[in-house]
Amino acid sequence: MVWRASVGAGVLLSAAVAASGQNTGQPQIDKSYEHVVFFTGDVMLDDGSPPADAVRIERVCDGRASFETWTDTKGHFGFKVSAGGDEISTADAGQTAVSRSDELNKAMNATSTQYSMPITQALRNCELHAVLPGYRSESVSLAIKSTMDSARLGTILLHPVSRASTLVVSATTLEAPPSARKAYQKGLEAMRVEKWEAAAAEFAKAVKIYPAFAIAWYQLGLARQNRKDEAGAIEAWKEAQKSDAHYVKPYENLTVAADHRGDWAESEKYSRMWIQLDAEDFPGAYLFNAVANARLNKMEEAERAARTGLRIDKDQKIPRLDYVLGLILSDKKEYAESARCFRKYLELAPNANDAAIVRQQLPKLAVISRRA
């Protein structure tokens with residue numbers, strides 16, 4: 001999901017060391033292809049424990065971030081980098097593959113162009129950091145002097161920065177009996193290779209053993225969603241929400257599902273519950289709430305939600321909030337401020353699918369504003 005809490009994606013393992021979760025501390029170099037390097041490392045919370053959820057690993061080179069891989073259930077990760085900059089991610093998968101499909105299709109193409117930039121040069125200004133909502137990541141440098149250097153990156157620490165960090169994991173996970181956890185892990189393994197039927201069966205087994213297993217209900221919903229069983233997915237997410245009312249992810253999925261099917265009352269309800277859990281860390285919840293209220297012709301509530309979302313979206317990651325507020329203000333005949341919102345939207349998202357339409361509307365708003 002595009003919002004703060006993430007609905008992440010599983011990725012295929014392509015190295016035995018990552019599949020086993022073992023890190024030897026030695027350089028993971030492909031001896032037959034020395035322009036390829038395997039990097040390995042770990043992600044841990046600052047209290048020394050592994051994250052309860054899979055963590056997204058990103059490479060940042062000269063300020064530009066790109067996805068690399070996900071951590072496994074023990075916090076380990078591994079990925080491959082070629083001289084041309086292509087990589088094959090290697091990690092465990094605790095999350096759905098749908099929302100990250102563009103990141104799952106990376107492949108190694110060993111062509112002559114890959115020899116044009118050695119790895120040592122390509123990674124000179126690159127760092128690696130972990131991404132988990134509610135946490136601040138330390139960074140590690142990817143710079144190496146040669147392919148014989150150690151490719152073991154050590155541990156990336158995550159430090160909590162907000163209340164959101166307590167909401168993206170479920171407290172019920174620690175109470176699950178071993179048999180339920182075993183079934184849950186088997187479900188994650190099946191999701192990793194996109195065997196959705198098998199994954200759904202294992203997650204169903206886990207919640208049968210331990211009905212309060214909120215994260216297993218949540219993953220069951222993702223598996224059913226990938227089987228095109230939307231009703232079954234919604235049912236599972238509702239069970240996750242009932243099992244742990246403080247676990248935020250089901251609220252997000254239930255909100256999005258209701259929005260997609262045009263059930264504005266449901267979208268308003270679940271986005272409102274999402275906001276009530278944490279009013280300061282999930283601006284996306286306000287976007288859905290604003291849209292739902294506008295569709296329900298509750299324009300004051302819609303405007304309030306959009307303005308609050310813009311206030312807490314300090315990094316301006318959700319340009320759509322400006323667009324929605326612009327529409328609401330236009331409906332209220334507040335054309336000057338509406339135009340300002342649309343211009344801000346175009347500034348933040350100049351290549352949006354509807355950017356051309358918005359540009360065409362701005363001159364008309366200016367004319368109407370002068371007449372008003």
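1. A charge counts as sitting over a ring if NZ of Lys or CZ of Arg is within 6 Å of the ring centre and within 35 degrees of the ring normal. By that rule, the charged end of R320 sits over the ring of Y323, 4.2 Å from its centre.

2. A word on the basis of these notes: this is a predicted model, with local features needing pLDDT of at least 70 and side-chain atom pairs counted only at pLDDT 80 or more, while totals for chains, interfaces and linings use all residues. Residues are numbered from 1 along each chain as its sequence is written, and side-chain values use heavy atoms, with hydrogens and water left out.

3. On to the aromatics. Rings of Phe, Tyr and Trp (its six-membered ring) pair if their centres lie within 6.5 Å; planes under 30 degrees apart are stacked, over 60 edge-to-face and the rest tilted. Ten aromatic pairs turn up in a search of the whole structure. The F77 and F79 pair is stacked, because the ring centres are 6.4 Å apart and the planes lie at 15 degrees. F77 and F79 are both buried (under 20% relative accessible area, with exposed over 50% and partly exposed in between; 1.4 Å probe, protein chains only). Elsewhere, one aromatic cluster is formed by Y184, F203, Y210 and F213.

4. Do look at helix α6, residues 214-226 (helices are DSSP runs of H or I, at least four residues, numbered from the N terminus). From first C-alpha to last, its 13 residues reach 19 Å, close to the 18 Å expected at 1.5 Å a residue (the expected span is 1.5 Å times one less than the number of residues). Twelve of the 13 residues of α6 are buried, among them W217, Y218 and R224. The cover over these buried residues includes α4 (178-192), α5 (196-209), α7 (230-243) and α8 (249-260), where contact means heavy atoms within 4.5 Å. After α6 comes K228, with a positive phi near 65 degrees.

5. Finally, α9 (residues 264-277) packs with α10 at an angle of about 145 degrees, the axes being 8 Å apart (lines fitted to C-alpha atoms over the stretch in contact, with angles from 0 to 180 degrees between N-to-C directions). Residues of α9 including W264, E268 and W274 meet residues of α10 including Y286, F288 and R295. R295 and W264 are 31 residues apart in sequence and 6.6 Å apart in space, C-alpha to C-alpha. R295 lies in α10, residues 283-295, and is exposed, with a relative accessible area of 58%.

Terms used: Helix = DSSP H or I, 4+ residues; strand = E, 2+ residues; numbered from the N terminus.
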